[in-house]
Amino acid sequence: MNTLRNENCSVVLCELDDAYANQLKLCFRIVDLLKEIGISTQNKGFMYLRDVIIDDEDLDIEEEMLYPKIAEKWRTTALSVKNYMCSAICSAWRNDKQPFIEKLGFSEMPTERELIAMCRLYLQVE
């Protein structure tokens, strides 16, 4: 039996393969990182960013294809996805989270793509 703990919840896994357990651990780490950056879980952009960071292949596709792919999953428009992701990053930047974002290597507000890439790198190094 595997137990995964997050500050908000505890999940007990019974007879699940290691790949699924690792995916859940990664999801918890991404949620914690996005919250540390200052992105509110109430912001729709939070969900979109979380999903893109989890899915390794998304960053490799063209930007104009990235938003429609997420939009299809969440049954919304590509423009809405782009706006919510940008809004989430802007709100974190404005809410005194610049020191942590600067710790990730940015001196000015990052684009969605830059933040996603840096979060993935941060999670690999951590």
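## A first look

The protein exposes about 7700 Å², and carbon and sulfur atoms supply 50% of that area; accessible areas come from the Shrake-Rupley method with a 1.4 Å probe, and for residues only the protein chains shown count as cover. This is a predicted model, in which local features need pLDDT of at least 70 and side-chain atom pairs count only at pLDDT 80 or more, while totals for chains, interfaces and linings use all residues. Residues are numbered from 1 along each chain as its sequence is written, and side-chain values use heavy atoms, with hydrogens and water left out.

Welcome to a protein with six helices and two strands. Helices (H or I, at least four residues) and strands (E, at least two) are DSSP runs, numbered from the N terminus. Starting at the N terminus, the order of elements is β-β-α-α-α-α-α-α. Of the 126 residues, 39% are buried, where buried means under 20% relative accessible area, exposed over 50% and partly exposed in between (1.4 Å probe, protein chains only). Contact means heavy atoms within 4.5 Å. Among contacts with a separation of 6 or more, 48% come from residues 24 or more positions apart.

## The nonpolar core

Which residues of the largest nonpolar core touch the most other members? They are Leu34, Ile37, Ile39, Leu49 and Met85, in a core of 30 residues. At least two core residues come from each of α1 (18-37), α2 (44-54), α3 (63-74), α4 (78-94), α5 (98-103) and α6 (112-125). A nonpolar core is a set of buried Ala, Val, Leu, Ile, Met, Phe, Trp, Tyr and Cys residues joined through side-chain atoms within 4.5 Å. In soluble globular proteins, nonpolar side chains tend to be buried together.

Isoleucine 37 is found in helix α1 and counts as buried at 1% relative accessibility. Its C-alpha atom lies 9.0 Å from that of proline 99, 62 residues away along the chain. Proline 99 itself sits in helix α5 and is exposed, with a relative accessible area of 56%.

The buried residues are Gly45, Phe46, Tyr48, Leu49, Arg50, Asp51, Val52, Ile53 and Ile54. Valine 52 has 0% relative accessibility, and its C-alpha atom is 7.8 Å from that of isoleucine 70, 18 residues apart in sequence. At the start of α2, a side-chain oxygen of asparagine 43 reaches to within 2.7 Å of the backbone nitrogen of glycine 45.

How do α2 and α4 meet, and at roughly what angle do their axes cross? The two axes come within 8 Å and cross at roughly 100°; axes are lines fitted to C-alpha atoms, for helices over the stretch in contact, and angles run from 0 to 180 degrees between N-to-C directions. The two helices are therefore roughly perpendicular to each other, a term for angles of 65 to 115 degrees, with under 35 counting as roughly parallel, over 145 as roughly antiparallel and the rest as oblique. On the α2 side, Lys44, Gly45, Phe46, Tyr48 and Leu49 take part, meeting Ser80, Val81, Tyr84, Met85, Ala88 and Ile89 in α4.

## Two residues to look up

Glutamate 112 belongs to helix α6. Is this residue buried or exposed? At 7% relative accessibility, glutamate 112 counts as buried. A polar contact of 3.2 Å joins its side chain to that of tyrosine 67; such a contact is a pair of N or O atoms within 3.5 Å, where within protein one must be able to donate a hydrogen and the other to accept it, and residues adjacent in sequence count only if both atoms are side-chain atoms. Leaving aside residues up to four places away in sequence, glutamate 112 touches Tyr67, Lys82, Met85, Cys86 and Ile89.

Arginine 75 lies in the loop between α3 and α4 and counts as exposed at 78% relative accessibility. Its phi is near 55°, a positive value in a residue other than glycine. Most residues other than glycine have a negative phi.
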